[in-house]
Amino acid sequence: MSKGIFVTGTGTDVGKTFVTALITRKLWKHGLNAGYYKPVLSGAQRKNGKLIPGDADYVCKISGLEKDPNSLVSYIYETAVSPHLASKIEQKPIEMQKIISDFEKIKEGFDYITVEGSGGIVCPLRIDDQTIMLSDVIKALSLDVILVAPAALGTINSTVLTVEYAKQNEISIKGIIFNCYERDNFLHKDNKRQIAYITGIPIIACVDSNANDMEIDAEILEKLYREI
Ligand SMILES: Nc1ncnc2c1ncn2[C@@H]1O[C@H](COP(=O)(O)OP(=O)(O)O)[C@@H](O)[C@H]1O
Ligand SMILES: [Mg+2]
């Protein structure tokens, strides 16, 4: 039986991939068979005619995961826009059933799977004759969530809104990871305190800029994953 968790962020470019790579590496170093999966990636670079899923590629490189990055992503789009629009432009609609069956295959290969979302928690994957939101995928894969949030100004608003949206959608956030945290910065320290107070969700780790490790025990991290 595999275990999994879903990594979302307060928005795009907040460090979901950066943090996921550190998490995956930590679990590997702890001797666990840790893997990665990303349902949908847009804005992929093309190299020698082939689309490279940058996020999966980065996680593999940092964590030491020896897999073809393309095998860890279900839908890869070149257009750097929201998945619902990229899939429409590239005429490759997203099917929930493919995500579910690809995830089943991924589960066969790993014991601990960290699933990275696209954008923030409100992310449409498809809006045409049917609507698929990222939150539908989180629920369909039965995953709880880790939320990556920047430590800087503005994070109280975006983090609390993300937590409220998750609650509304009956998605459980197990912990928040603060990214680009400056330990001596009074604003960052206060953001951490106030977010924990307002949301009631623990800040489980603070990641420094250019960090190559996270200050959290692998045992604690491991316990956040739930059987799927
Ligand atoms: N703690 C960090 N230190 C240095 N660079 C970071 C850190 N977190 C994120 N970045 C950089 O910021 C950019 C966006 O991060 P990324 O993890 O790709 O965001 P997301 O996956 O949320 O879109 C990348 O270039 C990444 O290397
Ligand atoms: Mg990413």
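Tutor: Some ground rules come before the pocket itself. On a 1 Å grid over the protein atoms alone, a cavity is a set of points where a 1.4 Å probe fits but cannot get out, while a pocket is an open set with protein on both sides within 12 Å along at least five of seven lines; lining residues have an atom within 4 Å of a point. Grid points are joined across faces, edges and corners, and a volume is the space filled by probe spheres set on the points. This is a predicted model, in which local features need pLDDT of at least 70 and side-chain atom pairs count only at pLDDT 80 or more, while totals for chains, interfaces and linings use all residues. Residues are numbered from 1 along each chain as its sequence is written, chains are lettered from A and ligands numbered from 1 in the order in which they are written, and side-chain values use heavy atoms, with hydrogens and water left out.

Student: How much space lies in the largest pocket?
Tutor: Rolling a probe the size of a water molecule over the atoms shows where empty space is left. Here the largest pocket holds about 450 Å³. Its lining has 25 residues, and T12, D13, K38, S42 and D55 are the closest to its centre.

Student: Which helices and strands each supply at least two residues of that lining?
Tutor: Helices (H or I, at least four residues) and strands (E, at least two) are DSSP runs, numbered from the N terminus. In this model α1 (16-29), β2, β3 and α2 each give at least two residues to the lining of the largest pocket.

Student: What classes of residue make up the lining?
Tutor: Ala, Val, Leu, Ile, Met, Phe, Trp, Tyr, Cys and Pro count as nonpolar, Asp, Glu, Lys and Arg as charged, and the others, Gly among them, as polar. By that scheme the lining of the largest pocket has 7 nonpolar, 11 polar and 7 charged residues.

Student: Is T17 buried or exposed?
Tutor: Buried means under 20% relative accessible area, exposed over 50%, and partly exposed in between (1.4 Å probe, protein chains only). T17 has 13% relative accessibility, so T17 counts as buried. E116 is buried too, with a relative accessible area of 1%.

Student: How many salt bridges are there?
Tutor: A salt bridge is a side-chain nitrogen of Lys or Arg within 4 Å of a carboxyl oxygen of Asp or Glu. The count comes to 17 salt bridges. One of them joins D55 and K38, at 2.9 Å from N to O. D55 sits in helix α2 (residues 54-63) and K38 in strand β2 (residues 34-42), distant parts of the chain 17 residues apart. K38 is buried, at 5% relative accessible area.

Student: Where do the partners E78 and R46 lie?
Tutor: Their side chains form a salt bridge of 3.0 Å, N to O. E78 is in the loop between β5 (73-77) and α3 (83-89) and R46 in strand β3 (residues 45-47), so the pair ties together parts 32 residues apart in sequence. E78 is partly exposed at 34% relative accessible area, and R46 is partly exposed at 43%.

Student: How should I read aromatic pairs?
Tutor: A pair of aromatic rings is described by the distance of the centres and the angle of the planes. Rings of Phe, Tyr and Trp (its six-membered ring) pair if their centres lie within 6.5 Å; planes under 30 degrees apart count as stacked, over 60 as edge-to-face and the rest as tilted. The structure holds 5 aromatic pairs. Among them, F18 and Y58 are stacked, with 6.5 Å centre to centre and 25° between the planes. F18 lies in helix α1 and Y58 in helix α2, so this pair ties together parts 40 residues apart in sequence.
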